[in-house]
Amino acid sequence: MKKYKIMMKRKRFLVIALAITLLPSAAVGPKSTDDGSGKEVAERGNEKWVIDTQDAWEAHVVDTAGILIKEGLVHPTSSKAIFKSKMKRFNRKRSAQSIVFEQSPDWQNWRPVPNAQPSNLRDAPVFLSLGPNNYWIFGRYGPLDGGESFHPQEAKLEGFNVGLTTTPDPHQFNAPGSNAPHKKGYHVWQSRDMVNWVHHGSVTPEFARWVTTAEYHDGKAYIYYDYPNDQDPHLFIDDDLTDGKPGKNMGLAFRDPTHGSDCGFIRDLEGRFHVIYEDWSPINASTHAWDSPLAGHAVSDDGINNFEILDPPVDERTEPTGDTGTYKHPHWLQHPDWDTNIAKYMIHKPEQNAFGDWAAIGIGGQYYLFCDFDPAEGHMGVAWFTSESLYKPFQRCGRIGSGHPDPDIGFAEGRFYLITQMKNDFVSPGPWVEKVTARVGIDTTNDGEPDTWTAWTEVKETYDYIDGFAKQISKTPAEIDLSSLPAGYGFCFEFKTTQTTDNGVLPVMDKITLNF
């Protein structure tokens with residue numbers, strides 16, 4: 001209670017301090033000066049006008065059409081909608097620098113497409129996008145049968161400077177590495193356009209056939225596999241994915257203290273390796289598609305060893321009963337150095353949602369986890385979660401598809417690909433939903449009304465690769481430059497939304513910042 005009172009006092013102090021900064025004072029706020037021409041010029045400050053809560057949206061709205069303000073978000077309720085703000089007034093002239101629009105990070109605008117992966121890829125796909133026209137996918141190898149009439153021919157494909165041969169699939173080719181003895185583990189294919197795929201051969205041997213995820217660092221692919229299946233991520237590091245040979249086996253990377261792995265790895269922007277893994281301790285995973293309501297999280301500087309276990313990023317457990325149960329795993333005794341196939345778990349009730357086969361991506365500092373979703377009721381599909389930090393809890397956003405997905409996620413050809421082992425993959429232009437246009441009004445005469453307006457301008461986020469990262473994508477904000485506008489005593493804005501998606505998803509506004 002004392003701690004709560006102290007926090008409340010601090011909060012009140014901050015509110016009072018903010019109010020003081022807006023009081024008339026010769027010592028507060030940008031001052032007006034003369035630029036030598038007799039024209040009054042407002043000095044630039046670092047003040048921001050931010051609207052990002054339910055109270056703030058309601059306090060600053062003057063008119064809407066087709067808009068619902070709910071839970072701190074501005075939701076369009078029709079295919080066309082408009083929001084008009086009140087005038088934000090100041091005692092002295094300000095110079096506006098920019099206005100930035102941020103939508104809900106829930107990332108709803110996905111649509112199904114035919115599988116973008118090689119037609120003979122088997123098992124759970126693992127996807128690495130290393131930059132423009134440099135896409136790699138890993139999976140088990142299934143032969144392509146063209147019958148007796150098919151005979152391989154020499155082929156050329158733009159972007160590939162090695163000898164290729166055709167296959168029965170007109171969009172798949174074999175490179176020299178594919179001629180190396182095939183291992184019964186994972187193989188790799190490469191593409192320049194997400195349409196045509198070149199098979200380079202094996203990247204893991206048979207004992208490392210349970211590949212779950214891959215990362216990229218310093219010119220090398222970090223290929224993680226469970227050994228045995230659903231236990232303890234191990235690692236191959238491969239500096240040449242084209243030679244048809246597995247790289248260097250680094251052995252055990254992370255000794256998972258729980259049963260269940262099917263993990264996803266991601267390097268943060270500081271270069272640390274994060275692993276998100278299934279924690280089966282609260283569920284009979286054998287009856288829930290080998291998934292769990294609980295995800296574990298650990299971090300390492302190099303991705304090779306010395307992992308530190310952190311708080312769970314996802315936790316949807318129900319109530320523990322205090323009882324324990326057991327079940328058997330079908331693969332653990334296949335490995336000579338594993339002496340049991342019995343797993344124990346804490347029984348929880350009521351029935352739990354289960355998640356697993358994790359994949360991760362970061363977009364402009366916002367993080368997303370994609371996974372299997374085996375709900376307590378209903379059919380299986382893909383779910384995803386988001387958080388502003390890898391070190392904070394993730395919130396569930398939605399679900400798509402039907403089937404057992406084992407998904408992976410990457411950025412290629414200017415859009416995001418959600419690769420699955422279902423009959424469909426999914427694509428999205430990104431978390432930003434089009435179409436949003438906006439304008440800003442300025443009161444230059446101090447009469448409380450806008451006398452100058454910017455032109456209506458479409459705003460949207462754009463995304464791009466970050467050199468050296470496979471799972472970190474840069475984001476350019478949805479922003480209008482206002483630095484050339486005249487200074488004013490007040491500012492307001494309007495924005496319109498128009499549905500342009502073919503999946504019914506509408507732009508949902510989360511935050512607007514006007515920078516001075």
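These legends describe close-up views of a predicted model. Local features need pLDDT of at least 70 and side-chain atom pairs count only at pLDDT 80 or more, while totals for chains, interfaces and linings use all residues. Residues are numbered from 1 along each chain as its sequence is written, and side-chain values use heavy atoms, with hydrogens and water left out.

**View 1. Phe 83 and Phe 493 form a stacked pair.**
The whole structure holds 36 aromatic pairs. Rings of Phe, Tyr and Trp (its six-membered ring) pair if their centres lie within 6.5 Å; planes under 30 degrees apart count as stacked, over 60 as edge-to-face and the rest as tilted. Here the centres are 6.0 Å apart and the planes stand at 15°, so the pair is stacked. Phe 83 belongs to strand β7 (residues 80-85) and Phe 493 to strand β41 (residues 488-498), so the pair ties together parts 410 residues apart in sequence. Strands (E, at least two residues) are DSSP runs, numbered from the N terminus. Phe 83 and Phe 493 are both buried, meaning under 20% relative accessible area (1.4 Å probe, protein chains only).

**View 2. Trp 358 and Phe 385 form a tilted pair.**
Their centres are 5.9 Å apart, with 55° between the planes. Trp 358 sits in strand β28 (residues 354-363) and Phe 385 in strand β30 (residues 381-387), so this pair ties together parts 27 residues apart in sequence. Both Trp 358 and Phe 385 are buried.

**View 3. Two arginines lie over rings: Arg 140 over Trp 210, and Arg 192 over Phe 160.**
A charge sits over a ring if NZ of Lys or CZ of Arg is within 6 Å of the ring centre and within 35 degrees of the ring normal. Arg 140 is 5.3 Å from the ring centre of Trp 210. For Arg 192 and Phe 160, the distance is 4.9 Å.

**View 4. Trp 110 belongs to an aromatic cluster and to the largest nonpolar core.**
A nonpolar core is a set of buried Ala, Val, Leu, Ile, Met, Phe, Trp, Tyr and Cys residues joined through side-chain atoms within 4.5 Å. The largest has 62 residues; those with the most contacts inside it include Trp 107, Trp 110 and Phe 416. A second, separate core of 19 residues includes Val 126 and Ile 223. Ring pairs link Trp 110 into a cluster whose members include Trp 107, Phe 370 and Tyr 465.

Terms used. Helices (H or I, at least four residues) and strands (E, at least two) are DSSP runs, numbered from the N terminus. Buried means under 20% relative accessible area, exposed over 50%, partly exposed in between (1.4 Å probe, protein chains only).
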